[in-house]
Amino acid sequence: MAEYDLLPKISPYLDKHLLFPLLENVQKQEIYPEDQVVKYQLELLKKTKLVDFAMDKYRLLHKTEEVPEGACDILLCGTLCAGRSLLKRSDVAICGTLQCAELKDKRQQVVLQLKELKADCKQLLTMLEDTSLVKPQKVPGEKADKTNQNYRDTLVMLAEKHNILPDHVESLYKYAKLHFECGNYGQ
């Protein structure tokens, strides 16, 4: 069945966050051994900010309730399948370990970063949550030049009326991006 699996061919072109549901499907279909799929998921998770998900996968792989403190290595060495890697990517066979302490430190850094970014864009978030100030202005068939002008006008209006600067907008973008990277897709 693995010879008909298209995931190795399309995976280099997909976002890491999109690969996780596909790997879950591969795992359910039992195309590859479960522990090898989980190991690959852990390898992908090292490159993301989905720290809680990484801890869950660690628990699943090692069949434990706790992620132990100290030098607990997440085994990510070698190829994932005998004779054939699950996904043909240059980074699959990279040998490495990820300390649990690193995971917890990374989680704390991400939470701190979220708090800092939220504080930076709090004024803009408060304004956006006020429904009396935010009214959708959808103009069908509007050209790109007009849209760019509306964007500039909006930034000027935000600065004049609400003291919101382009830096606040940039902080909101970073805050939203970090939420996505953490797996909070609905925020």
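Select helix 6 (residues 122-129) and helix 8 (residues 166-181) in this predicted model, where helices are DSSP runs of H or I with at least four residues, numbered from the N terminus. Their axes, lines fitted to C-alpha atoms over the stretch in contact, come within 8 Å and cross at roughly 80°. The two helices are therefore roughly perpendicular (65 to 115 degrees).

Next, show Q123, L124, L125 and L128 of helix 6 with H168, V169, L172 and Y175 of helix 8, which make the contact (heavy atoms within 4.5 Å). Six of these residues are nonpolar, two are polar and none is charged.

Now turn to the salt bridges, of which the structure holds four; each is a side-chain nitrogen of Lys or Arg within 4 Å of a carboxyl oxygen of Asp or Glu.

Select K57 and E24, paired at 2.8 Å, N to O. K57 belongs to helix 4 (residues 51-62) and E24 to helix 2 (residues 16-29), so the bridge ties together parts 33 residues apart in sequence. K57 is buried at 6% relative accessible area (under 20%, with exposed over 50% and partly exposed in between, for a 1.4 Å probe and protein chains only). E24, at 25%, is partly exposed.

Move to D52 and R107, 2.6 Å from N to O. This pair links helix 4 with helix 5 (residues 100-120).

Finish at K177 and E181 in helix 8, about one helical turn apart. Salt bridges with shared partners join K49, K177 and E181 into one network.

Residues are numbered from 1 along each chain as its sequence is written. Local features need pLDDT of at least 70 and side-chain atom pairs 80 or more, while totals for chains, interfaces and linings use all residues, and side-chain values use heavy atoms, without hydrogens and water.

Methods. Axes are lines fitted to C-alpha atoms, for helices over the stretch in contact, and angles run from 0 to 180 degrees between N-to-C directions. Angles under 35 degrees count as roughly parallel, over 145 as roughly antiparallel, 65 to 115 as roughly perpendicular and the rest as oblique. Ala, Val, Leu, Ile, Met, Phe, Trp, Tyr, Cys and Pro count as nonpolar, Asp, Glu, Lys and Arg as charged, and the others, Gly among them, as polar.
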